[in-house]
Amino acid sequence: MEEKELYNCKYCFKEFEPKRRRVQVYCCNSCRSKAYHARKTKSQALATKSIEESLSNNTPTPSKEKMSTTGIGNAAVGTLAADALKALFTKEQNKPATKGDLTLLLEKLNSRYHLITNLAPNALGRHPYYDMVEGVVVYFK
């Protein structure tokens, strides 16, 4: 009579006779399932423990990217190139106002007389202006 080889279950440690051709590790499906859940909870506990340890030690997490002088130089050159292209292709009327432009505009708005460009000069050749104080149209040469 042929003697069958017995194995020990890796979960409950009972001896069992394998029923499949491949080498079995567990005696039954319930031991296999329980072992899986035990491994899963153990790995989660280890991960939680390592996170708690790193938080309690106040150790910074390592970053994947590091700064280099080459990277900084490339970023600076790229920014300058983008700004130059933007300045080159932007129309003058669409460029942002400068402090000098705003000062000039305020001076014009604070002046008393404003030229009216959509009215023709009168018979004497005088151009129409709007008087901001009086609120009337006057003609000057």
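Figure 1. Of the 141 residues of the chain, 6% count as buried, where buried means under 20% relative accessible area, exposed means over 50% and partly exposed lies in between, all with a 1.4 Å probe and protein chains only. This is a predicted model, in which local features need pLDDT of at least 70 and side-chain atom pairs count only at pLDDT 80 or more, while totals for chains, interfaces and linings use all residues. Residues are numbered from 1 along each chain as its sequence is written, and side-chain values use heavy atoms, with hydrogens and water left out. The chain has three helices and five strands, and from the N terminus on these elements follow the order β-β-α-α-α-β-β-β; helices (H or I, at least four residues) and strands (E, at least two) are DSSP runs, numbered from the N terminus. Among the contacts in the chain with a separation of 6 or more, 4% are accounted for by residues 24 or more positions apart, a contact being heavy atoms within 4.5 Å.

Figure 2. The structure holds three aromatic pairs; rings of Phe, Tyr and Trp (its six-membered ring) pair if their centres lie within 6.5 Å, and planes under 30 degrees apart count as stacked, over 60 as edge-to-face and the rest as tilted. Tyr113 is partly exposed at 34% relative accessibility, and Phe140 is partly exposed at 35%. Tyr129 and Phe140 form a tilted pair, 5.8 Å centre to centre and with 55° between the planes. Since Tyr129 belongs to strand β4 (residues 127–131) and Phe140 to strand β5, the parts that this pair ties together are eleven residues apart in sequence. Tyr129 is partly exposed as well, with a relative accessible area of 22%, and Tyr113, Tyr129 and Phe140 form one aromatic cluster.

**Figure 3. Pro128 and its contacts.** Pro128 lies in strand β4 and counts as buried, at 1% relative accessibility. Not counting residues up to four places away in sequence, Pro128 touches His114, Leu115, Ile116, Leu119, Ala120, Pro121, Val137, Val138 and Tyr139. Pro128 and His114 are 14 residues apart in sequence, and their C-alpha atoms are 8.6 Å apart in space.

**Figure 4. The largest nonpolar core and Ala35.** Cys9, Phe16, Tyr26, Cys31 and Ala35 are the five residues of the largest nonpolar core, a nonpolar core being a set of buried Ala, Val, Leu, Ile, Met, Phe, Trp, Tyr and Cys residues joined through side-chain atoms within 4.5 Å. In soluble globular proteins, nonpolar side chains tend to be buried together. When its neighbours within four places in sequence are left aside, Ala35 is in contact with Tyr11 and Tyr26.

**Figure 5. The lining of the largest pocket.** About 240 Å³ of space lies in the largest pocket. On a 1 Å grid over the protein atoms alone, a pocket is an open set of points where a 1.4 Å probe fits, with protein on both sides within 12 Å along at least five of seven lines, and lining residues have an atom within 4 Å of a point. Residues that line the largest pocket include Lys19, Arg20, Tyr26, Cys27, Cys28 and Arg32. The lining divides into five nonpolar, two polar and four charged residues, where Ala, Val, Leu, Ile, Met, Phe, Trp, Tyr, Cys and Pro count as nonpolar, Asp, Glu, Lys and Arg as charged, and the others, Gly among them, as polar.

Figure 6. Phe13 is found in the loop between β1 (7–8) and β2 (15–16), and Phe13 has a positive phi of about 65° although it is not a glycine. With a relative accessible area of 65%, Phe13 is exposed. Glu17 sits in the loop between β2 and α1 (29–57) and is partly exposed, at 41% relative accessibility.

How values were computed. Grid points are joined across faces, edges and corners, and a volume is the space filled by probe spheres set on the points.
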